[in-house]
There are 2 protein chains.
Amino acid sequence: MIPGPVRVPQRVLRAMSKPMISHRSSDFEKIYEECRSRLRELFETENEAVILSGSGTAGMEAAVGGIIGKDDKIITVTNGKFGERFTELGNRYGTAVLLEFPWGTPYDLERIEAALEEGAKAISIVHNETSVGIVNPAKEVGELARRHDAIFIVDGISSVGGNEFLTDEWGIDIAITGSQKCLALPPGLAMVTVSKRAAEMLEDGKGGYYTDLKAHLDKAKKNQTPYTPAVSLFFALQEALIMAEEEGLAERRARMARLAKGVREAASALDIDLFPQVNEHSAYSNTVTAMKTPEGITDGQLRGGMRERGVVVSGGQSALKGKIFRIGTMGACTEADVLRTIQTLELVLLKEGLISSLGAGVEAASRAMER
Amino acid sequence: MIPGPVRVPQRVLRAMSKPMISHRSSDFEKIYEECRSRLRELFETENEAVILSGSGTAGMEAAVGGIIGKDDKIITVTNGKFGERFTELGNRYGTAVLLEFPWGTPYDLERIEAALEEGAKAISIVHNETSVGIVNPAKEVGELARRHDAIFIVDGISSVGGNEFLTDEWGIDIAITGSQKCLALPPGLAMVTVSKRAAEMLEDGKGGYYTDLKAHLDKAKKNQTPYTPAVSLFFALQEALIMAEEEGLAERRARMARLAKGVREAASALDIDLFPQVNEHSAYSNTVTAMKTPEGITDGQLRGGMRERGVVVSGGQSALKGKIFRIGTMGACTEADVLRTIQTLELVLLKEGLISSLGAGVEAASRAMER
């Protein structure tokens, strides 16, 4: 029940085990073409889609390395762990102007607008901050970016396919997701969509070599890859995208929303505080719920106790280590998974004396998840 | 029968399909530790080994981007297609001094020494040039590199585990291999070994971000990765390395040597010329055999005819397109695979009127492959 890598469905595992094919064959080109087309539906975009054989970070480097040169500025907005990566990338290829908000608190849109007024070639946000369980205002930042003519880069790694994610409507020039999150694949692929105006800014020989966005885009137009792709993971992606279509993209997001609501209502019933603060421009994530570790129990007792009982949940990262715990509800996660997780949490809380009877959390989750 | 991606054994496919685990778990750390240890045996080295989730090119970028800065020179020696990639990488991060020999001809060691005398921070070679089927003199270039105090980088992508590859004895500072070649895994992992003197040259914030060798090395010491690894491929790598040990690393190389000899003897019996020219410092590859397309038959007829009969072999790349064909004998390839391939080749040659009876190639291969 961690927020990725998530459990991989049997169908996807079977697809991944298909006999190897040459990555220079027309068979591979057909798979890539189908995946690119299905990804455009998933990202709700008409933009080009490319797939890199690497983690989400490879996709983030493709975006920043492709757009930002040594004389360029990128505003990197952050309210959690993953925003930091954009800042490192920005400083590797140009200059990052870090706009930092306390972890788990909403963006201040006025400060973002003020930063854009200073001038920047691009602005990056993390849509779903996995480290704190908050969904950031992509639509609003997209409007500001467009008004100030900045390329808008969005890390949608733990968001696309789980939360609502409207690439074109929100004006996202480069959107990135990873395979091991809402798509429920093993890790190892990064999916990136690129707007026409972003594509026009790409130049030969810029940015990283392996993650060279122009090289990937140029080849993708022929449904090929510049370097040997992780073919097995492409088999798996094709199957996962078919499964997503079978469930229905909207139904799939609605399922994850129900599950996350179940977790939040269970937390409330068990007197556990949610970690992020949300306002009218931000929201609790439907793919990961971050909760404060209750007083009277340590992180080791809580997560260790759950792990002993067979359920693995995540802890906090960096400064939040020991202070929060996180439950993922992305990918192939089901109502039963959430009920078992909450039940296990209750057993641990009971053992440590934080609650005196079982059932309140499970009941709240059960009610909240009802269709 | 192409020189990678190769057929993946069932045992490896099954291992790849194991249930997902967190990449931040001690279970993953144990797998990474075991793989690193087994890789050191495979590379015959005491150097550190790291694994990148990406193609061999990611490993090449890790090497060049880690060592070469904008004021540095790297000599890139090439006699085939894959040498070009080092030149592009060298020019991305610093300056590449290209030392080019006609494709498929041996290196001229005197010219290499002369280039080193001009001064360079590093020199790169491709040990097994997959595009032309030649094995280049790593030992001899390694001696020259050491004498001129240059970091020695070797692309061993289609070589390690197939041809003899003595990282420490040959003084290789950074050696690279890929998963989809001699190890018979799906593509998607790059394995890199790094000497102490190369590691000491690495600096924070240099080279590519996703392929940052220092970041990977620092994390590898704790058996962790800087970014989310392709966990399923690590499962597969662990199993493939166990299988290689079961067969015996030397026995495995001897098998590939026998198979390649079978292909070469069959070619000779069928009056087909081998493409590469070898001398005392170079050799025919044991992992891929490149042959000239015989007069009187087109590439389309030859490879198309074989494909129709169920056997896929590779053609020439770039200027060699239509002029050569290549048969891979790496990974899990067996005597039966070679015999079937030669038989299929004979059927096509017979149909096109280049030979008048069947059997000479198969017999020659059969004799040559006898243990």
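**Helices, sheets and copies**

Trainee: At roughly what angle do the axes of helix H10 (residues 249-269) of chain B and helix H13 (residues 360-369) of chain B cross?
Mentor: Helices here are DSSP runs (H or I, at least four residues; strands are E, at least two), numbered from the N terminus. Axes are lines fitted to C-alpha atoms, for helices over the stretch in contact, with angles from 0 to 180 degrees between N-to-C directions. The axes of H10(B) and H13(B) come within 7 Å, and they cross at roughly 145°.

Trainee: Which pLDDT do local features need in this model?
Mentor: Residues are numbered from 1 along each chain as its sequence is written, while chains are lettered from A and ligands numbered from 1 in the order in which they are written. The model is predicted: side-chain values use heavy atoms, without hydrogens and water, side-chain atom pairs count only at pLDDT 80 or more, totals for chains, interfaces and linings use all residues, and local features need pLDDT of at least 70.

Trainee: How many residues in the contact of H10(B) with H13(B) are charged?
Mentor: From H10(B), the contact (heavy atoms within 4.5 Å) includes B:Arg258, B:Lys261 and B:Glu265. The residues contributed by H13(B) include B:Ala364, B:Ala368 and B:Met369. Ala, Val, Leu, Ile, Met, Phe, Trp, Tyr, Cys and Pro count as nonpolar, Asp, Glu, Lys and Arg as charged, and the others, Gly among them, as polar. The contact divides into 8 nonpolar residues, 2 polar ones and, as charged residues, 3.

Trainee: Which are the edge strands of the open sheet of 7 strands in chain B?
Mentor: The order of this sheet is S1-S9-S8-S7-S4-S2-S3, with mixed pairing; two strands pair if DSSP finds at least two bridges between them. Neighbouring strands are turned by 20° against each other on average, direction ignored. Two strands pair on one side only, namely S1 (48-52) and S3 (95-100) of chain B.

Trainee: What is the bridge partner of B:Ala122 in S7(B)?
Mentor: Strand S4 (residues 122-126) and strand S7 (residues 151-155) of chain B pair in the parallel sense over 5 bridges. In S7(B), the partner of B:Ala122 is B:Ile151.

Trainee: Which helix of chain A packs on the open sheet of 3 strands, touching S11 and S13?
Mentor: The sheet has the order S11-S13-S12 with antiparallel pairing, and its edge strands are S11 (288-292) and S12 (314-315) of chain A. S12(A) is joined by 2 bridges to S13 (residues 324-328) of chain A, where A:Phe325 is the bridge partner of A:Gly315. The helix that packs on this sheet has a direction making about 10° with that of S11(A), and is H10 (residues 249-269) of chain A.

Trainee: What is omega for the peptide bond from A:Gly4 to A:Pro5?
Mentor: A:Pro5 is found in the segment before helix H1 (10-16) of chain A. Its bond from A:Gly4 is cis, with omega near -5°.

Trainee: By what turn can chain A be laid on chain B?
Mentor: Two copies of a chain are related by a rotation about an axis and a shift along it. Copies are superposed by least squares on the C-alpha atoms of residues with pLDDT of at least 70 in both. Here the RMSD is 0.0 Å and the shift along the axis is 0.0 Å, with a turn of 180°. The copies are thus related as by a two-fold rotation axis, and the turn is 180°.
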